[in-house]
Amino acid sequence: MTPATVDNRRRVRLPAGLADVAGLHPGAVVVLPGAAPGELVLATPAAALARLRRDLAEALRLADHYPTLTAALTGHTTGRAAVPPAADGPAPAAIPAGGPVLVDTAVLTAVLDGEPAADTVIPLLPRLQLTDAVTDDLIAAAHAAGLPAEPQPDRPGSFRAILTALDALGVRNYRPADADRAALVVRDFELRTAGVTCPAERAVLALAGHLGAPALLARPATALPAGVTAIDYRHLAAVGASA
């Protein structure tokens, strides 16, 4: 078998036979740090997400603080409560093709926890945009759940590993320009007046309204100011399905 190589531009060449055995075919792959120096994990996006979920579930089990990251988020961040989907909710809503999608922390934790209702979010991962408030929320939830900040040699799961994997899966952090901040403050005030009590949700919705992009929440999206479009991820249509 021809050996795998890394050239001077850090491009990896895999023998076709090895790639076939591993189930790696032409298309997107995810590269993640391994457990030790000199190790890399090369995986399909689906395999990388499955690996992240396994490590997170084991880390939560070992810490024994919360059964899920979503439970930790609900218990330790301001203005959050577990809100069931509306029983007579709207028909499944489709996300417009192309462009960014702003996402609340509770949607991310549902994806990370392997919540079945979040399966429709997975194809959107390369389009998801985080605000700093969402990242802060995720830090708080991970800390409350007992996850270490940095990877540990003797245990799976860490906040850094979560961020690294999300970045490898295409999730990005959106930092608005200074010129946009005044408009975002106005949006935040409108959302606060409309009764949105969670700071991270307000940050997501304010940026979504400013960019003219949709936002994904983990609750029914009602009574929002004009120009703000939000969808409860549990009512999200599967990608490729009609609304």
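1. Let's start with how H5 and H8 cross: the crossing is left-handed, a label used when the near helix is turned anticlockwise from the far one by less than a right angle (clockwise would be right-handed). The axes of H5 and helix H8 (residues 199-211) come within 8 Å and cross at roughly 150 degrees. That makes H5 roughly antiparallel to H8; the scale is under 35 degrees for roughly parallel, over 145 for roughly antiparallel, 65 to 115 for roughly perpendicular, and oblique for the rest. Axes here are lines fitted to C-alpha atoms, for helices over the stretch in contact, with angles from 0 to 180 degrees between N-to-C directions.

2. A quick word on what you're looking at: this is a predicted model, where local features need pLDDT of at least 70, side-chain atom pairs count only at pLDDT 80 or more, and totals for chains, interfaces and linings use all residues. Residues are numbered from 1 along each chain as its sequence is written, and side-chain values use heavy atoms, leaving out hydrogens and water. Helices (H or I, at least four residues) and strands (E, at least two) are DSSP runs numbered from the N terminus.

3. Which residues bring H5 and H8 together? Ala133, Val134 and Asp137 in H5 meet Ala200, Ala203 and Val204 in H8, where contact means heavy atoms within 4.5 Å.

4. Now the sheet. It is open, has 5 strands in the order S7-S6-S5-S8-S9, and its pairing is parallel; two strands pair if DSSP finds at least two bridges between them. S7 (172-173) and S9 (230-232) stand at the edges with a single partner strand each, so one side of each has no neighbour in the sheet. S5 (residues 101-103) and S6 (residues 128-130) pair over 2 bridges, and Val101 has Leu128 as its bridge partner in S6.

5. Helices lie across this sheet too. H5 (residues 132-144) lies across S5, S6 and S7, at about 80 degrees to S6. H4 (residues 105-113) lies across S5, S6 and S8 (215-217), at about 85 degrees to S5.

6. H4 also packs with H2 (residues 45-63), at about 95 degrees and with axes 8 Å apart, so H2 and H4 are roughly perpendicular.

7. Finally, check Arg219, in the loop between S8 and S9. Is Arg219 buried or exposed? Arg219 counts as buried because its relative accessibility is 16% (buried is under 20% relative accessible area, exposed over 50%, partly exposed in between, with a 1.4 Å probe and protein chains only). Beyond neighbours within four places in sequence, Arg219 is in contact with residues including Val83, Glu201 and Asp232.
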